[in-house]
Amino acid sequence: MIEVHHLSRHYGALKAVQDVSFSINTGEIVGLLGHNGAGKTTIMKMLTGYLEPSAGTIRIDGLDIAEQRRAAQRQIGYLPENCPLYPEMTVLDSLDYQASLLGLTPAQRPVAIRRAVERTELGAKATATIGTLSRGYRQRVGVAQAILHEPRILILDEPTNGLDPAQIQHMRALVRELARDATLIISTHILQEVEAVCGRVLIMRGGQLALDSRLDALGQQPRLVITLDCAPDVALPVLHALDGITAATLLDADDLGYRFALETADAQTVAPRVARAACEHGWSLLGLERERHDLEALFGAVTLERMELNSSLATNA
Ligand SMILES: Nc1ncnc2c1ncn2[C@@H]1O[C@H](COP(=O)(O)OP(=O)(O)OP(=O)(O)O)[C@@H](O)[C@H]1O
């Protein structure tokens, strides 16, 4: 289990990560999603003990990473962003070297290396020099290095970055296979990556945690959103009185009309009723839909807020 409490990291005046808290249970596959510079890599480096937090605590299976760093690191396998490898080494030599760095004894190494090569399907390239490998194979070597000591937690930073579509498919299959034995955290700025392999998403925005949700909980929003040309003081009492609606609130208003959110347990039945009521009152029905809370819509909202922030910073500059 990973427990993160009030984690922050500053680089000089820059607040790269600000007061982030979450916990991840054994066996989960969690996507850490965010735009470039959102703070994903900084979080991963702190989780793996390679970077000290400015504030906050991290516990890995109960071990405080600040106090028991080595013991905590033994539980973790880490694929860094753009995983650095020695191009002149063969795959086997590089794995042997990494195994020694991880503290595996010479007697343990052959078995560990064979297992890692099998799981990452690197057998055909075992004696190849790393400099001659495609990017997809080099990423597999990075993953093989990360799983040599059979860690219970795997942290993969942008594992499909720069891969072609076939290599991406292979990496996703590998990630699912690895998840059978380990808790996984995958950092990415690609939405489809999260949807393809993760059960839960953490969305970072400007160093802060903007969303923490299970993917299957998204989209289960029973609210209807209706857009009318009728002002709230007239529309809200009528909407609220309709059968099946438990609450009606104004979301926003612009040139396109007034948008109201309608709470209901049965959007399917209530929607036609709402449309009829709008007609009966002579209102223009400008839109009626179920509220979208899928990952794309949520990530879009994060993007929008960031663009608004950037434009206000540019205006103020
Ligand atoms: N060593 C450093 N010194 C100064 N600033 C840094 C350092 N490392 C990262 N930053 C800054 O901290 C912020 C967060 O960076 P981080 O690499 O964690 O983001 P990220 O979400 O992983 O982005 P990317 O997807 O581009 O890798 C960025 O503004 C980045 O420029």
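Modeller: A helix here is a DSSP run of H or I of at least four residues, numbered from the N terminus. By that reading, R176 belongs to helix α6, residues 165-178. Keep in mind that this is a predicted model.

Is R176 buried, partly exposed or exposed? A residue is buried with 20 or more other C-beta atoms within 10 Å of its own, and exposed with 12 or fewer. R176 has 13 other C-beta atoms within 10 Å, so R176 is partly exposed. Along the sequence, R176 and I203 are 27 residues apart. In space, their C-alpha atoms are 21 Å apart.

Now the whole chain. There are 10 helices and 14 strands. The radius of gyration is 25 Å, whereas the globule rule gives 20 Å for 317 residues; the chain is therefore more spread out than a compact globule. The C-alpha trace spans about 80 × 40 × 40 Å along its principal axes. Of the 317 residues, 34% are buried. The chain divides into domain 1, residues 2-214, and domain 2, residues 224-290. The C-alpha centres of these two domains lie 47 Å apart.

Strand β1 covers residues 2-11 and strand β4 covers residues 55-60. They pair antiparallel, over five bridges. S8 has A55 in β4 as its bridge partner. β4 also pairs with strand β5, residues 63-64, through two bridges, again antiparallel. There I60 stands opposite L63 in β5. Two residues lie between β4 and β5, which form a hairpin. In the turn, D61 has a positive phi of about 45 degrees.

Most residues other than glycine have a negative phi. H6 is not a glycine, yet its phi is positive, about 50 degrees. H6 sits in strand β1. With 12 other C-beta atoms within 10 Å, H6 counts as exposed. N82 is also a residue other than glycine, with a positive phi near 45 degrees. N82 lies in the loop between β6 (76-79) and α3 (91-101). N82 has 14 other C-beta atoms within 10 Å, so N82 is partly exposed.

What surrounds the ligand? The shell holds 13 residues, and Y11, A16, N36, T41 and T42 come nearest. β2 (14-24) and α1 (40-47) are the elements that give two or more residues to this shell. The largest share, three residues, comes from α1. By class, the shell has four nonpolar, seven polar and two charged residues.

Last, a helix further along. Helix α9 runs over residues 267-280, which is 14 residues. From its first C-alpha to its last, α9 reaches 20 Å, close to the 20 Å expected at 1.5 Å a residue. Just after α9, G282 takes a positive phi of about 75 degrees.

Terms used: Residues are numbered from 1 along each chain as its sequence is written. This is a predicted model: local features need pLDDT of at least 70, side-chain atom pairs count only at pLDDT 80 or more; totals for chains, interfaces and linings use all residues. Domain bounds come from an automatic or database domain assignment. The expected span of a helix is 1.5 Å times one less than its number of residues. Two strands pair if DSSP finds at least two bridges between them. A residue is near a molecule or strand if its C-beta atom, placed from the backbone, lies within 6 Å of it. Ala, Val, Leu, Ile, Met, Phe, Trp, Tyr, Cys and Pro count as nonpolar, Asp, Glu, Lys and Arg as charged, and the others, Gly among them, as polar. The radius of gyration is taken over C-alpha atoms; the globule rule is 2.2 Å times the number of residues to the power 0.38.
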